[in-house]
Amino acid sequence: MGDVNANDVVAFLVEVVAFVSLGVLGWQLGSSGPLLHQWIGLVAVLVVAVALWALFVSPQSVFDVPVLEIVLRIVIFSAGAVAVRIITNLGWGIAFGVIAAVNTALVYFGPFAQ
């Protein structure tokens with residue numbers, strides 16, 4: 001494992017916020033009882049975190065498809081920003097979206113590029 005820089009820490013936090021916000025949004029959308037809340041929240045996080053992120057985007061991903069990695073980052077972080085907006089308010093959604101966009105750009109370009 002290489003050196004960890006500030007952008008790596010922010011990237012991790014952005015990922016966690018995206019996953020948690022999608023889970024919370026899934027929880028809030030299930031309206032047919034508490035069991036459905038839990039399943040929708042769990043499935044939202046598992047699909048995003050395990051099926052997509054772990055297979056294609058994480059540093060130890062199974063498949064190395066650079067274009068798909070970028071597309072999935074954009075889609076997952078955009079969904080996270082929308083979820084944050086729905087859960088909280090417009091300001092937090094925009095703030096998360098901007099932080100995620102800048103962080104993602106710095107992962108590929110600039111002084112923190114990998």
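Modeller: Contact here means heavy atoms within 4.5 Å. The model is predicted.

Colleague: Which residues of helix 3 does helix 1 meet?

Modeller: The helix 1 side of this contact consists of Val14, Glu15, Val17, Ala18, Phe19, Ser21, Leu22, Val24, Leu25 and Gln28. Their partners in helix 3 are Arg73, Ile76, Phe77, Ala79, Gly80, Ala83, Val84, Ile86 and Ile87.

Colleague: Are helix 1 and helix 3 parallel, perpendicular or oblique to each other?

Modeller: The axes of helix 1 (residues 6-29) and helix 3 (residues 66-87) come within 8 Å and cross at roughly 55 degrees. Roughly parallel requires an angle under 35 degrees, and roughly perpendicular covers 65 to 115. Helix 1 is therefore classed, relative to helix 3, as oblique.

Colleague: Is serine 21 buried or exposed?

Modeller: Serine 21 lies in helix 1. Beyond its neighbours within four places in sequence, it is in contact with Gly80, Ala83, Val84 and Ile87. The cut-off for burial is under 20% relative accessible area. Serine 21 has 6% relative accessibility, so it counts as buried.

Colleague: Where in the protein chain is confidence lowest?

Modeller: The mean pLDDT of the protein chain is 85, with 92% of its residues at 70 or more. Confidence is highest in helix 4 (residues 90-108), at a mean of 94. The lowest mean, 77, belongs to helix 2 (residues 34-57).

Conventions: Residues are numbered from 1 along each chain as its sequence is written. This is a predicted model: local features need pLDDT of at least 70, side-chain atom pairs count only at pLDDT 80 or more; totals for chains, interfaces and linings use all residues. Side-chain values use heavy atoms; hydrogens and water are left out. pLDDT is the predictor's confidence in each residue, from 0 to 100. Helices (H or I, at least four residues) and strands (E, at least two) are DSSP runs, numbered from the N terminus. Axes are lines fitted to C-alpha atoms, for helices over the stretch in contact, and angles run from 0 to 180 degrees between N-to-C directions. Angles under 35 degrees count as roughly parallel, over 145 as roughly antiparallel, 65 to 115 as roughly perpendicular and the rest as oblique. Buried means under 20% relative accessible area, exposed over 50%, partly exposed in between (1.4 Å probe, protein chains only).
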